[in-house]
Amino acid sequence: MKAPLSWLKDYVDIDVSAQELQEKLFSCGFEVEELIYLGKDISGVVVGEVKECEPVDGTHLSVCKVDCGDKGVFQICCGADNVKKGIKVPCALVGATVYATAKDHVTVEGVTTIKKGKLRGIESEGMLCSGAELGVNGDMFDGADYVGLVILPDDCKNGEDVKPVLGLDDYIFDISVTANRPDCQSILGIAREVAAVLGKKVKEPDYSYSVVGGKCDSIKITDEAPELCPRYIGHCVTNIKIGVSPLWLRKRLALCGLRSINNVVDITNFILLELGQPMHAFDLKTLSGKEIVIRKAKDGEKIKTLDGNEFDLKQDNLVICDREKPCALAGIMGGANSEITDDTSEIVFEAAKFARDSVRKTARALGQHSDSSSLFEKGVNEYTVEHAMKRALNLIRKLNCGTVTDVHIDVITENSRLCEKKMTVSVSKINKLLGIDVPAAKMTEILKRLNFVVTENGDNLELFVPRYREDIDGYPDIAEEIIRFYGYDNIKGTFLASGTITNGGFNEAQKAENNLKTALVSFGLHEISTYSFYSEKDFDMLHLPADSSERKAVKILNPISEDLSVMRTTLAPSMINTIVRNQRRGNMEGRLFEIAKIYLADELPLKNFPEERNMLAFGTWGKYDFFDLKGITEGVAQHFNLKFEYVAAEKPFLHPGVTAEIICENENIGYLGLLSPTVSRELALERAAYVAEIDYEKLLKLAKPFRYVPIPKFAEITRDLALTCDRNITCAQLEKEIYASCKYVSDVKLFDVYIGEQVGSGKKSMAFTITFTPKDEPIEERIDGFMNKILKNLEARLDVFRR
Amino acid sequence: MQNKIKEIEEQIALAVKEVKSSRNLQEIKMRFLGKTGVISSLMKNLRDVAPEERPSMGKLLNALRQWSEEKFDAIEERLKDAELKKKIAEEKIDVTMPGKVRENGSYHPNTLIRNELVSVFAGMGFEIFEGPEIENDYYNFTALNTPADHPARDMQDTFYISDKFLLRTQTSAGQIRVMENKKPPIKILSPGKVYRSDDDATHSPMFSQMEGLVVDRGITLCDLKGMLDEFARKIFGESVKTRLRPSYFPFTEPSVEVDVSCFECGGKGCRLCKGTGWIEVLGAGMVNRHVLEGCNVDPDIYSGFAFGMGIERIAMLKYGINNMKLLFEGDTRFLKQFRG
């Protein structure tokens with residue numbers, strides 16, 4: 001919301017600096033995002049009177065003597081075609097800053113500092129300026145659009161700063177207005193807050209008008225969609241004289257960034273800014289049947305708006321029609337067919353309230369947004385609807401551009417909310433909410449400043465709420481109004497003085513997750529966090545078949561892009577993409593993990609809440625191999641006091657020979673493996689990458705609580721055993737057999753594998769360290785027997801021999 | 001015999017003079033003191049000595065043996081010393097060579113901040129609650145006093161899954177789930193991922209929030225301020241102060257924006273606080289009566305406050321991270337720096 005200081009001063013006697021006002025507005029909830037000083041780039045430019053002006057032969061230049069009052073008299077070369085003796089113009093002295101313009105003398109290309117110079121050998125001590133060079137256009141100062149010099153009024157004092165003369169001595173407050181205060185999306189709304197915070201009275205705009213009469217047939221207005229248009233006022237004005245608006249009006253529009261069109265359109269735009277009420281003017285003679293119908297569009301109806309865009313309408317678009325056709329997109333933009341033109345003679349002003357949602361939906365659906373739609377989406381109130389119409393009629397008279405007729409049709413539907421809001425609030429309840437004691441008298445004073453009508457009645461305040469304050473609903477709203485003017489500095493911290501003591505902390509699941517993270521970090525892994533959504537193309541990256549369960553992903557209807565459009569069903573793509581990103585950036589090794597949710601729908605489109613399941617993913621690349629990654633998953637098993645089994649397996653995106661399923665308590669809980677060379681090549685990976693994914697929630701469910709086991713009285717005994725076996729026999733088979741052969745075996749650790757000539761073809765040698773843990777009696781003497789038994793079993797069952 | 005003893009004495013003195021190593025010494029020792037050594041054979045020769053001379057000779061021989069043993073021991077000691085010194089000298093290493101580092105991993109900055117926040121609030125009696133990320137319209141908006149046509153819905157660009165389901169835009173959605181199932185006193189903290197259709201240097205379509213909710217008898221705005229003062233001191237430093245200023249959220253009334261005094265410059269104004277001396281860190285307010293009523297909590301008996309903050313924002317402020325994207329890219333050069 002942009003509010004020029006000069007405009008605010010029309011309604012409030014502001015006696016503080018712009019910076020002070022900025023702070024005051026901030027304190028009462030209106031953050032000034034930017035305070036723009038209009039003349040911020042202009043300095044050292046003063047009023048100069050051209051005393052002498054001699055053309056320089058053979059050039060377009062004139063050499064002038066310019067009287068700048070107490071600054072001196074300067075010789076200045078000027079190329080403007082309107083320079084002449086006797087005029088007063090802005091004169092940039094040496095050292096002044098002005099805007100540099102392009103060859104067209106209009107486009108601003110930055111800020112330049114004026115230097116002493118020579119033009120065609122003639123000394124020049126400054127520059128006479130155009131409007132563009134000072135950032136002023138014709139709407140801000142008459143004549144400033146001319147590509148030559150701006151001519152200043154004769155009564156300016158030579159040598160005085162031109163900024164006040166040109167209106168550059170002004171500030172624009174760019175204010176952020178919260179969603180509960182649509183009434184402050186207007187200069188008057190901000191002025192009311194300014195008045196309240198400064199303790200001043202607001203001078204309301206002049207709403208008075210008188211019906212002059214004038215010959216005008218009555219019109220008919222029918223509201224067929226009261227739920228979308230609760231209130232509609234139309235008023236006819238005749239004898240319209242389309243013309244240019246006066247400077248004061250054009251200037252106010254210009255300060256807020258709006259272009260002047262003509263007096264009638266400018267009136268509606270002025271009211272949009274001043275009161276926050278969008279208005280529209282129809283050319284009455286274009287309305288078929290002199291009729292206005294507010295209705296939902298018929299499927300297939302078309303409209304061409306003022307800006308030349310054409311739209312195919314649907315039933316949920318609200319339109320303003322005449323007897324036959326749509327003439328405006330309600331609350332968004334008028335139609336080209338009923339536009340105000342230079343020969344418009346009769347108009348209907350429209351001031352209405354359209355439902356926020358309806359305007360928003362239509363504006364979005366059609367991609368057609370305007371200042372008007374933006375205000376309706378935020379919400380307008382009927383108090384302002386009424387006043388906007390009065391103000392428009394007042395301005396017609398003020399601009400003397402038409403005759404106000406008595407044709408005034410006010411459609412008040414059953415959805416209209418006209419009544420004044422009366423409420424009673426308790427002083428003590430307000431103070432109880434705030435936690436401080438604001439005296440009742442102080443509350444009354446603050447509320448009166450905000451235009452509430454207040455009657456004190458014991459502990460109660462009886463209130464009439466200003467009709468434009470639709471946000472006020474209960475005593476907490478009143479509490480907020482009071483504290484934002486009483487001052488948040490008065491809120492002093494207390495520590496739940498009346499609260500009950502509660503016991504806090506992480507719950508078991510969160511503790512478990514934190515403990516696991518600690519373990520993984522100690523394994524040397526770095527935690528990542530990636531987006532919960534990715535692309536359907538990521539399933540293709542994994543070469544997942546069309547019917548794979550992972551492809552049954554929850555889709556986002558309005559994603560930022562296709563890359564972020566499906567909720568993930570596996571963490572693998574996120575991990576792989578992170579590895580790709582790292583390698584592309586030259587990070588040639590890494591070990592990562594992520595604990596995050598996947599989203600599993602029981603049916604699509606979604607009927608029920610999907611399951612959100614925590615998964616644990618790993619990714620390694622660079623110097624790490626399969627067994628480094630397996631070492632990590634083994635560490636996870638240990639962390640949860642579990643034993644994992646690994647079974648060779650295949651996955652579409654993993655190397656068929658270097659992939660395992662992870663089994664725990666007969667349940668498949670995940671996989672690990674080398675990214676398949678095909679996928680690796682498709683992703684242009686330089687280093688082999690390994691990924692693993694484990695169902696974290698299954699892990700948690702299976703996890704065995706840690707229990708202390710008394711340490712044995714006798715020392716553990718270890719023996720090494722080198723075996724020769726068929727190459728197809730797996731390590732797991734041997735381990736299993738060794739464990740099964742003797743109840744004292746507590747650990748079996750492979751420490752060497754040999755394949756080669758010494759063991760013969762088709763064979764391999766594997767060497768293990770076996771640990772025997774005694775129970776209650778010494779076992780030293782029985783070890784040889786155990787070893788024999790182990791060997792015998794291995795021999796009998798797996799055809800394995802001691803090497 | 002006497003001469004012989006004298007001779008041996010001289011031989012020993014000579015031999016040990018040239019001894020080079022302890023092994024060399026051992027050989028010499030064996031030559032004289034071994035079972036078949038010079039002294040032992042002389043001992044055997046004692047039998048041939050006249051009986052009357054035997055005792056004195058024996059004494060002399062024993063003295064020789066003792067003298068030579070002591071001599072050898074002394075030399076051995078000296079030799080070992082020298083050898084050890086040499087060994088120590090040879091073992092000298094270049095202590096400036098690099099150590100063998102066992103690379104530790106790292107926590108994601110969000111985890112660090114989340115845990116820091118949780119530990120602050122857990123100490124004040126907050127429990128943790130985590131709600132679903134795929135929410136329905138009711139919990140994310142309607143129950144939070146944001147009906148369908150409410151302009152506040154435009155404050156957040158929502159990702160929709162269907163008419164009914166959406167990606168939660170705020171962890172506040174969890175508030176309702178808690179209040180439906182738990183009677184006051186309630187003190188919960190609800191951290192989690194939230195989603196908004198926003199993507200630039202300071203916004204990410206996914207980010208994390210931490211929501212706090214207190215509902216009890218007689219809770220006031222001053223209590224909110226007190227708790228946030230405590231939070232700011234613990235997270236940003238003892239001298240950090242908070243400032244409340246009016247704001248708007250549909251589910252709180254009054255609503256406030258909470259700034260902390262700049263912990264970088266102490267409030268004098270710097271680049272971090274954009275010269276204002278204050279940094280906006282969270283939104284908060286007194287729980288709206290309609291929200292309490294909707295959860296069957298009597299707003300005339302109970303009141304409460306809620307606050308919500310962006311975890312990434314706090315991480316970015318604390319660590320001086322200038323682009324939110326870095327938090328989600330998993331670049332190892334970034335990750336390695338966060339060593340909990």
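Reader: Which domains does the assignment give for chain A?
Author: This is a predicted model, where local features need pLDDT of at least 70, side-chain atom pairs count only at pLDDT 80 or more, and totals for chains, interfaces and linings use all residues. Residues are numbered from 1 along each chain as its sequence is written, and side-chain values use heavy atoms, without hydrogens and water. Bounds come from an automatic or database domain assignment. For chain A they read domain 1 (2–38 + 171–198), domain 2 (43–166), domain 3 (220–412), domain 4 (421–490), domain 5 (508–702) and domain 6 (717–802).

Reader: What area do domain 1 of chain A and domain 4 of chain A bury between them?
Author: Interface size is often given as the accessible area lost when the parts come together. Buried area here is that loss with a 1.4 Å probe, summed over both parts. Carbon and sulfur atoms carry 48% of it, and the value is about 850 Å².

Reader: Which residues in domain 1 of chain A lose the most area to domain 4 of chain A?
Author: Three residues together make up 48% of what that side buries. They are A:Arg181, A:Arg192 and A:Ala196.

Reader: Which residue forms a salt bridge with A:Glu193?
Author: The rule wants a side-chain nitrogen of Lys or Arg within 4 Å of a carboxyl oxygen of Asp or Glu. It finds one salt bridge across the interface of domain 1 of chain A and domain 4 of chain A. With the closest N and O atoms 2.9 Å apart, the partner of A:Glu193 is A:Arg484.

Technical notes
Chains are lettered from A and ligands numbered from 1 in the order in which they are written. Buried area is the accessible area (1.4 Å probe) that two parts lose on being put together, summed over both.
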